[in-house]
Amino acid sequence: MSDRMPHEVRGVVARSRGTKVSVETIVVPDPGPGEALVQVQSCGVCHTDLHYREGGINDEFPFLLGHEAAGIVEAVGDGVTDVAPGDFVILNWRAVCGQCRACRRGRPWYCFATHNAAQKMTLADGTELSPALGIGAFAEKTLVHAGQCTKVDPAASPAAAGLLGCGVMAGIGAAINTGGVTRGDSVAVIGCGGVGDAAIAGARLAGAAKIIAVDIDDRKLEWARGFGATDTVNSREADPVEAVRKLTGGNGADVVIEAIGRPETYEQAFNARDLAGTVVLVGVPTPDMKIELPLLEVFGRGGALKSSWYGDCLPSRDFPMLIDLYLQGRLDLDGFVSETIGLDDVEEAFAKMHRGEVLRSVVTL
Ligand SMILES: NC(=O)c1ccc[n+]([C@@H]2O[C@H](COP(=O)([O-])OP(=O)(O)OC[C@H]3O[C@@H](n4cnc5c(N)ncnc54)[C@H](O)[C@@H]3O)[C@@H](O)[C@H]2O)c1
Ligand SMILES: [Zn+2]
Ligand SMILES: [Zn+2]
């Protein structure tokens, strides 16, 4: 392509640790080999965006935030065959390489060398931006690796579909892929934000018989019921470990999913699970956090202590399937969209998330 033109668009940037985000002019290059330029239609506000702004992920400021997005491919670079201009896509942060040691062993959902765009998006003065999770989609357009674009049925609402790009996929996958929840299981989910409620929805899809939602906020527990929780526990009012045991015949749940990322709730998850049960950590902790567990209990309780990176998803396998279930009315993705907002409202959306008023605020463009 000889007539490559950079695109100047508006994007939400975190310039330094803990300071409010601002909407800036950003420069998005035309796609080079293997890349795709995407016109963003929607992008959800995830807790991970706030972690970036607070310096909890790394120090590579300035960040271009936003990573739960859907949009239309506008242009592709040389060698791109899987997607074409006009395709409706969900952006993913797991464009598998096919060559790393995880991929070679047939476990591409762990891929250790996922692809991102080679070219950098920048501020107007040329400062290179670090796109959140290699996406950066609180912007009118973004540049990604073509493998980060997963084609799905365009009948889906962009605001709902985009959420599969991170938090909702992470939650559903934590239950189904990582936790291996199956019919008849008892499941407890600690922390019922967007990710936790998606774990609840995933547990219901998989046929769990009992799904216990644990949160400190009654509004969240109410919403959790809507996604399939059969029982709720407000852990400000009751000891969650005792409550989960009581609801499971004194045994604990087969699978306990921690969807907050805190030591005290991880310990609750550890203790609220049945013998030989599974704990799944999908919440993301910060570098200062530590846990202390009796090693004899780690041994004696058996089972599995697992982490769920992005719900152990394979976007090409899971996104189209989940969009089909959504279009059939079997997965309520719309229920995660608490409000739609503009690019200028992301900072306010962080505050609403903090106050527990929303599951997902979704920027629509
Ligand atoms: N593993 C992954 O791939 C992945 C992907 C996306 C997000 N995440 C992480 O998942 C976590 C949840 O994200 P979210 O967007 O749902 O966040 P959120 O803020 O919407 O939800 C957190 C929920 O936890 C509840 N909570 C807080 N403290 C609690 C406590 N002590 N006991 C019980 N409940 C408590 C809150 O009331 C809220 O409902 C974050 O850490 C996020 O970074 C992980
Ligand atoms: Zn790989
Ligand atoms: Zn996210």
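Author: Helices H4 and H5 pack at an angle of about 45°, and their axes lie 7 Å apart. Here axes are lines fitted to C-alpha atoms, for helices over the stretch in contact, and angles run from 0 to 180 degrees between N-to-C directions. Helices (H or I, at least four residues) and strands (E, at least two) are DSSP runs, numbered from the N terminus. H4 and H5 are therefore oblique to each other; angles under 35 degrees count as roughly parallel, over 145 as roughly antiparallel, 65 to 115 as roughly perpendicular and the rest as oblique. Their crossing is right-handed, a term used if the near helix is turned clockwise from the far one by less than a right angle, with anticlockwise giving left-handed.

This is a predicted model, in which local features need pLDDT of at least 70, side-chain atom pairs count only at pLDDT 80 or more, and totals for chains, interfaces and linings use all residues. Residues are numbered from 1 along each chain as its sequence is written, while chains are lettered from A and ligands numbered from 1 in the order in which they are written.

On the H4 side, the residues that meet H5 include Gly 167, Ala 170 and Ala 174; on the H5 side they include Gly 194, Val 195 and Asp 197. Contact requires C-beta atoms, placed from the backbone, within 7 Å. The residues of this contact comprise twelve nonpolar, five polar and one charged. Ala, Val, Leu, Ile, Met, Phe, Trp, Tyr, Cys and Pro count as nonpolar, Asp, Glu, Lys and Arg as charged, and the others, Gly among them, as polar.

H5 also packs with helix H6 (residues 218–227), at an angle of about 30° and with the axes 8 Å apart. That makes H5 roughly parallel to H6. The contact joins Asp 197, Ile 200 and Ala 201 of H5 to Trp 223, Ala 224 and Phe 227 of H6. Five of these residues are nonpolar, none is polar and one is charged. The crossing of H5 and H6 is right-handed.

Both H4 (167–178) and H5 (194–205) supply at least two residues of the shell around ligand 1, as do helix H1 (47–53) and strand S12 (210–215). In total, 33 residues surround ligand 1, the closest being His 47, Ala 170, Gly 191, Gly 193 and Val 195; a residue is near the ligand if its C-beta atom, placed from the backbone, lies within 6 Å of it. By class, the shell holds 15 nonpolar, 14 polar and four charged residues.

Note on methods. Contact = placed C-beta atoms within 7 Å.
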